[in-house]
Amino acid sequence: MRPPAPFWIVKCPDCSGEQTVFSRPASTVNCQVCGATLATPTGGQAKLRGELVRLAGA
Ligand SMILES: [Zn+2]
């Protein structure tokens with residue numbers, strides 16, 4: 001059993017910092033560096049504002 005990694009590495013569009021983001025967040029995810037919105041919840045997979053770099057742990 002190897003379920004898909006539920007975490008994404010997302011690049012911030014404002015400061016280019018990379019951050020781990022849960023793929024199904026319950027609330028808005030902000031960049032830890034500059035505070036920009038990286039992902040917004042949709043009830044399913046997050047809607048990303050930043051760039052998805054890769055799956056965490058993949
Ligand atoms: Zn940022």
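**Contacts and sheets**

Modeller: Happy to! Leaving out neighbours within four places in sequence, P41 is in contact with P25, A26, S27, T28 and A46, where contact means that the C-beta atoms, placed from the backbone, lie within 7 Å. This is a predicted model, in which local features need pLDDT of at least 70 and side-chain atom pairs count only at pLDDT 80 or more, while totals for chains, interfaces and linings use all residues. Residues are numbered from 1 along each chain as its sequence is written.

Colleague: Where does P41 lie?

Modeller: Strands here are DSSP runs of E with at least two residues, numbered from the N terminus. Strand 4 covers 37-40 and strand 5 covers 47-48. P41 lies in the loop between strand 4 and strand 5.

Colleague: Is P41 buried or exposed, or in between?

Modeller: A residue is buried with 20 or more other C-beta atoms within 10 Å of its own, exposed with 12 or fewer, and partly exposed in between, with C-beta atoms placed from the backbone. P41 has 15 other C-beta atoms within 10 Å, so P41 is partly exposed.

Colleague: What separates the C-alpha atoms of P41 and S23?

Modeller: Along the chain, P41 and S23 are 18 residues apart.

Colleague: Which residue in the turn between strand 4 and strand 5 has a positive phi?

Modeller: These strands form a hairpin with six residues between them. The phi in question is about 95°, and the residue is G43.

Colleague: By what angle are neighbouring strands turned in the 2-1-6 sheet?

Modeller: This open sheet has three strands with antiparallel pairing. Its edge strands are strand 2 (18-22) and strand 6 (51-55), each pairing on one side only. Axes are lines fitted to C-alpha atoms, and angles run from 0 to 180 degrees between N-to-C directions. With direction ignored, neighbouring strands are turned against each other on average by 40°.

Notes:
Helices (H or I, at least four residues) and strands (E, at least two) are DSSP runs, numbered from the N terminus. Two residues are in contact if their C-beta atoms, placed from the backbone, lie within 7 Å. Two strands pair if DSSP finds at least two bridges between them.
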